[in-house]
Amino acid sequence: MSPEITIKDIFDEMGTYIELDQATKNRIEKAYLYAKEAHEKYGVDPVTNELLGRPQKRKSGEDYIQHPLNTALILSQHHLDPESIVTALLHDVIEDTKRKAEDIRGKFGENTAKLCEGLAKLSKIRYQGADRQVDNLRRMFVAMAEDMRVIFIKLADRLHNMRTLDFIRIDKRPRIARETLEIFVPLAYRLGMFEIKSELENLCFKYLFPVDYLALSAETQRREEKDQTYMEKVRQELLGIMRQEKIPGQVQSRIKHLYSIFKKMKAKGVSMDEIHDRLALRVIVPTKKDCYALLGVIHSNWQIKLGRFKDYIALPKINGYQSLHTVVYPFHGEDRQPTEIQIRTQEMHQNAEYGLAAHWLYSEEDKKAMVADERQKQWIKVLNQIRTELENASFSESLKTDLLENRIFVFTPHGRIIDLPKGATPIDFAFAVHTEVGERCYAAKADNKIIPLSSQIHNGQTISIITRKTAKPSPHWLSFVKTSIARTKIRQSLKSQDYKKYLHEGRILFEQELAHYNLNLSELDLKKQRALLAETPYKKFDDLLIAIGSRAYSPMVATHKILSNKPETIPDQSIKKVIANKDAQEKSRQLGIIVEGGASGLKLGTRACCGSDLGSHIVGYITRGRGIAIHRADCQVIKKADPAKLITAYFQGQKKFYSIRIAVFTQKRAGIFRQALGVLIERDLKLKQASLFTEEQMLIYNPPAGVDNVFVFDLETENFHQVQEILRDLEELSGVKEIRRLD
Ligand code: MN
């Protein structure tokens, strides 16, 4: 067991890189005492979630507080800021004790509470198998988008858990190690946290390939003394050369870490002796110029190994790593071995050891705006790297699309990251930042240039919203916003203000226009309303009326759409006429196809997109002037078709029914599941299955923001229109954010 550590160890470590004032010390100490008490007195049983009634212990038998202390210590060794240390101490409180986020918010403020919540979210994962990893990763992204420090803390947490993996049941170890290797190691690499990455890799190696690990570590130990002596000799030699050439600097020696050696041996099928960068010297010099000067000196003194020189200063690695690497044969004796020399400046060294975490610390001290900008660039870089990696990896297709391709990340002027769907506009952004910003939105800038409120914003842009006290949401906005949160908020705001007035005026203006053509609004039944809406940017008929009332949409255009729609929105009378048409009746009889309302015919024909086999479930599609086309019910064209143009059809003598699966995304509201079920039961259909997913489980459906539940219903109905009516009714339920067809 490792020796117990105390809060003083953390202060000592932090003292090496920042000036710790008393207030900061007090705050850290307060977090420590708070967490200690929480784990001692308020710990919960992980299975029953009941109060444990005794101090929590780690599997090792240690007091639980040793784990948060170790996590904090690791972070201080990686030069993280005081807030990260405070959060690390508190990181398991929400998840494992009765103390909740609100207590932390009250005692430590909003920032700390948010970080803790981010971590609690990450640790809720209780999935098994492959899904577990995918889900895990997804959560990571979500949390990362909020604050990257959550990831630093999570990495330190995982490192301590890996260090103490021996205390976990033996059959559980490989899974944890694999998860670490596949998810945490790449993250550490991307964030440039080289030390954590190497240690995690070695630990994973130990648990995943125990035989190779033992063999390799035995071999390394056997060589250790010889290696050390040899390295010291080269080091002294190099220092001598540097003194001679008047290049100041430090020289450290290092041996390549085990897992890295193992990977190389495996990949290249070579022995340990053939790995040329197993032994390395790292030289830290004052300036970039010194790096190249020293390289020249080394190359002129020692024989170089051809093809092994790499200039990562001119061409940094994707995670920002910079150094010069070369492999040489120092001196001329028999005992010489190929030895790698890495040359870098102090700044490059800091970056290589602590990665993005180092940037974080500087940012708290240096000029904020400038560093925030730098942080943003780094962050976009990381996201893009992970994106590329995902594209090449074997993660599930749905994950890739859900997670990355349909999302963009943009920034507020203060560097906060906002995650939006692709195609989002400045208005979506404004409402995502804060309702009030959305409601007072007057104009928008992307990277300091004014852009139209209806334009699309792009990945990585910094968006600023110009607000005015007198500004208010325009009904016009409803025609281009992408997020349901913006749409809902705009509707709410319109409702509270000019909603009634606009609705009323819209109705009058529309009626006046329709009157020119001997039409009136009451003739527009739901079906026709939907056909019209499908040709406008609006989702609800009231939205259209409001737009007309506020002069955001022309009643002439709307009327024109109805007129040009005529052949498609077949009035009931014309269906009756068609039934009387003997030809059509004859044709449908021959095909054995029956369309809703008898034979609703004009012309019946089958479609090329479905192939020659229509299968057993079919649907009619009312085409413009060409009659009713028959498609397979599962045809791709039908799935994308305007629902108002679909009509029930089936083969004679066969029971007609359609199977549909829908997902309903809702906010938390009492009785909402029952209400949704009520909508379904009212209809004449068969409810085959209804499932309710909790916040964690529903992530597989990539829910929109602000959603707490998803219900999934499997239905069977004989009447295709029912589907559309159900969708509409469900959409009207308060608390419903989005509905999707999954079949
Ligand atoms: Mn933990």
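In strand β20, Ile662 has Arg741 as its bridge partner. Strands here, like helices, are DSSP runs numbered from the N terminus (strands: E, at least two residues; helices: H or I, at least four). The model is predicted: local features need pLDDT of at least 70, side-chain atom pairs count only at pLDDT 80 or more, and totals for chains, interfaces and linings use all residues. Residues are numbered from 1 along each chain as its sequence is written, and side-chain values use heavy atoms, with hydrogens and water left out.

β20 covers residues 736–741 and pairs with β17 in the antiparallel sense, over 5 bridges. Two strands count as paired if DSSP finds at least two bridges between them. Val664 faces Ile739 in β20. β17 also pairs with β19 (residues 709–717): 9 bridges join the two, again antiparallel. Here Thr666 stands opposite Asn709.

## The four-stranded sheet

Which order do the strands take in the open sheet? The order is β18-β19-β17-β20, with antiparallel pairing. β18 (686–693) and β20 are the edge strands, and each pairs on one side only. Neighbouring strands are turned by 20° against each other on average, direction ignored. For such angles, axes are lines fitted to C-alpha atoms, for helices over the stretch in contact, and angles run from 0 to 180 degrees between N-to-C directions.

Buried means under 20% relative accessible area, exposed means over 50%, and partly exposed lies in between (1.4 Å probe, protein chains only). In a regular strand, side chains alternate between the two faces of the sheet.

## The manganese site

Which residues coordinate the manganese ion? They are His67 (NE2), His91 (NE2), Asp92 (OD) and Asp157 (OD), at 2.2 to 2.3 Å. Along the chain, the donors follow the spacing H-x23-H-D-x64-D. His67 sits in helix α3 (residues 66–77), while His91 is in the loop between α4 (82–90) and α5 (93–96), so the pair ties together parts that are 24 residues apart in sequence. Donors are N, O and S atoms within 2.8 Å of the metal (3.2 Å for Na, K and Ca); water is not among the atoms, so sites may look incomplete.

Both histidines are buried. His67 has a relative accessible area of 1%. For His91 the value is 3%.

## Thr87 in helix α4

Thr87 lies in helix α4. Is Thr87 buried or exposed? At 0% relative accessibility, Thr87 is buried. Thr87 touches Thr112, Leu115, Cys116, Leu119 and Ile153, leaving out residues up to four places away in sequence. Contact means heavy atoms within 4.5 Å. Thr87 and Val150 are 63 residues apart in sequence, yet 8.8 Å apart in space, C-alpha to C-alpha.

## Helix α19 and the cysteines

The buried residues are Pro426, Ile427, Asp428, Phe429, Ala430 and Phe431.

How many disulfides does a search of the whole structure find? The search finds 0. A disulfide is a pair of cysteine sulfur atoms within 2.5 Å. Cys204 is buried, at 0% relative accessible area. Cys291 is buried too, with a relative accessible area of 0%.
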